[in-house]
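Let's work through some exercises together. Keep the sequence and the 3D view open, and try each task before you read its solution.

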Amino acid sequence: MHLIAQDQTSYNPGNKNYKQDIVFVTKHIKWILSLIGIWPSVSKGVAKFLPKIAIGIGNFALLFAIIPCFLHTVFEVEDTVMKLKLLGLVGFCTSSLLKYWALVARKPTIEDCIELVQIDWMQVEFPKDRELMLKYGQVGRNLTILCVTFMYTGGTIFHTVLQYTIGTFIDQHNRTIKPLVYPTYSVLYDVQTSPIYEIVYIIHFMCGHVTSTVAAGSCGLAALFVTHACGQIDVVVSHLTDLVHSEQNEKTSILNRRFVQIIDHHLRILRFSAAVDFILREICLVELVNSTCCICLLEYYCIADWEQSNTTSLITYMMLLISLTFNVLILCYIGDLLIEKTSSVGQSCFMIDWYNLPSKTIQGLVLIIAMSGSPVKISAGSIVDLSLSTFANILKTSVAYLNFLRTTVT
């Protein structure tokens, strides 16, 4: 997969506005992924180690919150509802850690794909092609902004409002207990003493920041790559249409050369899309399993808080439910969009006036149509293809688990 950008080792910038265009489509996702050390760094000197430092801090914050909270849940919590709430919290953080590891493992391929995106923007020759790419670039940008807004809003409310509502209280031993975002195992250390409490609270807040950033970054990265591929597919279709409507006295050799360029462009898109699937495969699998379980648990939390008239907690969990549901919806929508676009190339080849082309060129169109019969998909671990029907199945499965959970837990 490291050879993905080697198809274009020599190029001449054809788009004078390519720097502005690249910034326009990558600005937000670059900011998000840079916070967790995933975006390629061009810094030199000591600054080049900042991504590795960010990755180390992110992993430490997640593990620091997950391990003590899990031990506390298993060995110290007796209330069933509270244990379910903490297990859901631990499960979400664990899924964030796994997605973070997947992003780090796929970082070389991510860098290759980002480089290819930048080269494609530099090589835009015609204003119409740039407009098509900007159209989908705007879609990817908007999806990233929405995902960041929902994930950070839900995460911030959970790490601030909910903990403020709990507040300090006096336990049976007449000790003042200060709340924590992630409860810790008392055998490890006494978290209620200063400055241990303040240090742990800050690290827990960092953990919340990392979980929200990983979720938003994964979704935004998928939006950037898939919408770029969709824009490139529209450019290919546009070039095919122009090929048919070219001047009748155009030489066959020139026509063949233009057609070869179109074929080469289409193949680059397919290789790029395959690399995107390779990057997101493990991330989407973790997201699929996590979303099914967490949506079910959040629905249960909402019902439990509704019955207990706990308004603040209910609103918090509803916001988390909306954020998580929207996040998985975006991923499924992106997968569905890629399937639709890659399969539409064949239909576009058939709908153009292909009968005006030379016979050898028509044979080439037949191959494009055949390749479009197997559209590129984003899969969850090569098990399930992401699409809107998959999203519907996730919701149905979560409701089924919810009914089972309500029947089991009394």
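**Exercise 1.** With which residue does aspartate 277 form a salt bridge?

*Solution.* Before we start, note that this is a predicted model, in which local features need pLDDT of at least 70 and side-chain atom pairs count only at pLDDT 80 or more, while totals for chains, interfaces and linings use all residues. Residues are numbered from 1 along each chain as its sequence is written, and side-chain values use heavy atoms, with hydrogens and water left out.

Step 1: recall the rule. A salt bridge is a side-chain nitrogen of Lys or Arg within 4 Å of a carboxyl oxygen of Asp or Glu.
Step 2: apply the rule. The partner of aspartate 277 is arginine 281, and their closest N and O atoms are 3.1 Å apart.
Step 3: Helices (H or I, at least four residues) and strands (E, at least two) are DSSP runs, numbered from the N terminus.
Step 4: check accessibility. Buried means under 20% relative accessible area, exposed over 50%, and partly exposed in between (1.4 Å probe, protein chains only). Aspartate 277, at 11%, is buried, whereas arginine 281, at 23%, is partly exposed.

**Exercise 2.** Which parts of the chain does the salt bridge of arginine 130 with aspartate 21 tie together?

*Solution.* Step 1: find the distance. The closest N and O atoms of this pair are 2.8 Å apart.
Step 1: locate both ends. Arginine 130 sits in helix α5 (residues 127-166) and aspartate 21 in helix α1 (residues 18-35), so the bridge joins parts that are 109 residues apart in sequence.
Step 2: compare with another pair. Lysine 85 and aspartate 305 also form a salt bridge (3.3 Å, N to O). This pair links helix α3 to helix α7, 220 residues apart, and both of its residues are buried.
Step 3: count. The rule gives 9 salt bridges.

**Exercise 3.** Is glutamate 299 buried or exposed, and how far away is the nearest side chain of opposite charge?

*Solution.* Step 1: locate glutamate 299. You will find it in helix α7 (residues 252-307).
Step 1: look for a partner. Lys and Arg count as positive and Asp and Glu as negative; His and the chain ends are not counted. Glutamate 299 is buried yet has no salt bridge, and the nearest side chain of opposite charge, arginine 406, is 9.7 Å away.
Step 2: list the neighbours. Contact means heavy atoms within 4.5 Å. Leaving aside neighbours within four places in sequence, glutamate 299 is in contact with Leu321, Ser398, Val399 and Leu402.

**Exercise 4.** How are helices α8 and α10 oriented to each other?

*Solution.* Step 1: read the geometry. The axes of α8 (residues 311-351) and α10 (residues 388-408) come within 7 Å and cross at roughly 150°. Axes are lines fitted to C-alpha atoms, for helices over the stretch in contact, and angles run from 0 to 180 degrees between N-to-C directions.
Step 1: classify the angle. Under 35 degrees counts as roughly parallel, over 145 as roughly antiparallel, 65 to 115 as roughly perpendicular and the rest as oblique. The two helices are therefore roughly antiparallel.
Step 2: try the rule again. The axes of α3 (residues 80-105) and α4 (residues 107-122) come within 5 Å and cross at roughly 60°, so α3 and α4 are oblique to each other.
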